[in-house]
Amino acid sequence: MATQATTTLKLDAKTKQRLKKLGAARRRSAHWLMKEAVRQYLEREEEREQLHRDALAAWREYEETGLHVTGEEMDAWLTAVAEGQDAPPPKPHR
């Protein structure tokens with residue numbers, strides 16, 4: 001089991017009451033709700049950061065090579081895949 005550290009979180013009275021009310025409705029403690037909220041936030045934001053890094057890397061690659069796929073080519077491929085076709089992805093070109 002991972003080591004756990006205590007962290008203090010100051011909440012206004014209204015937010016604390018909302019947490020208690022939702023916790024009671026969900027049969028969960030306010031503590032559990034806060035941990036879950038932090039976990040979900042971190043997952044979402046880490047995914048956004050990775051997407052940002054991937055986009056920057058793709059842009060650098062495009063600047064270096066000039067290879068690309070047009071929006072129309074990508075749209076046609078995605079439409080074919082969505083319709084169940086086993087279509088190969090479009091080939092990048094200059």
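This note comments on a predicted model, from its overall form to individual side chains.

1. Basis of the note. The model is predicted; local features need pLDDT of at least 70 and side-chain atom pairs count only at pLDDT 80 or more, whereas totals for chains, interfaces and linings use all residues. Residues are numbered from 1 along each chain as its sequence is written, and side-chain values use heavy atoms, with hydrogens and water left out.

2. Secondary structure. The protein has three helices and zero strands, and its pattern along the sequence reads α-α-α. Helices (H or I, at least four residues) and strands (E, at least two) are DSSP runs, numbered from the N terminus.

3. Overall dimensions. The protein is more spread out than a compact globule, because its radius of gyration is 23 Å, well over the 12 Å that the globule rule gives for 94 residues. That radius is taken over C-alpha atoms, and the rule is 2.2 Å times the number of residues to the power 0.38. Along the principal axes, the C-alpha atoms fill a box of roughly 60 × 35 × 30 Å.

4. Burial and surface. Of the 94 residues, 5% count as buried. Buried means under 20% relative accessible area, exposed over 50%, and partly exposed in between (1.4 Å probe, protein chains only). The protein exposes about 8800 Å², of which carbon and sulfur atoms supply 55%; accessible areas come from the Shrake-Rupley method with a 1.4 Å probe, and for residues only the protein chains shown count as cover.

5. Contacts along the chain. Among contacts between residues at least 6 apart in sequence, 33% join residues at least 24 apart. Contact here means heavy atoms within 4.5 Å.

6. Before helix 1. Asp12 lies in the segment before helix 1 and is partly exposed, with a relative accessible area of 45%. Its side chain reaches the backbone nitrogen of Lys14 at 3.1 Å. A polar atom of the Asp12 side chain also lies 2.9 Å from the backbone nitrogen of Thr15. A polar contact is a pair of N or O atoms within 3.5 Å; within protein, one must be able to donate a hydrogen and the other to accept it, and residues adjacent in sequence count only if both atoms are side-chain atoms.

7. The loop between helix 1 and helix 2. Arg27 is found in the loop that separates helix 1 (13-26) from helix 2. Arg27 has a positive phi of about 60°, although it is not a glycine. At 79% relative accessibility, Arg27 counts as exposed.

8. A charge over a ring. Arg28 lies over the face of Trp32, at 4.1 Å from the ring centre. The criterion is that NZ of Lys or CZ of Arg is within 6 Å of the ring centre and within 35 degrees of the ring normal.

9. Glu36 lies in helix 2 and counts as buried at 19% relative accessibility. The Glu36 side chain makes a polar contact of 2.8 Å with the side chain of Gln40. Arg44 also has its place in helix 2 and is partly exposed, with a relative accessible area of 44%. The side chains of Arg44 and Glu45 are joined by a polar contact of 3.4 Å. The C-alpha atoms of Arg44 and Thr3, 41 residues apart along the chain, are separated by 23 Å.

10. The aromatic pair. The structure holds one aromatic pair. Trp59 and Tyr62 form this tilted pair, at 5.3 Å centre to centre and 40° between the planes. Rings of Phe, Tyr and Trp (its six-membered ring) pair if their centres lie within 6.5 Å; planes under 30 degrees apart count as stacked, over 60 as edge-to-face and the rest as tilted. Both residues lie in helix 2 (residues 30-65), three residues apart, about one turn of the helix. Tyr62 is partly exposed, with a relative accessible area of 35%.
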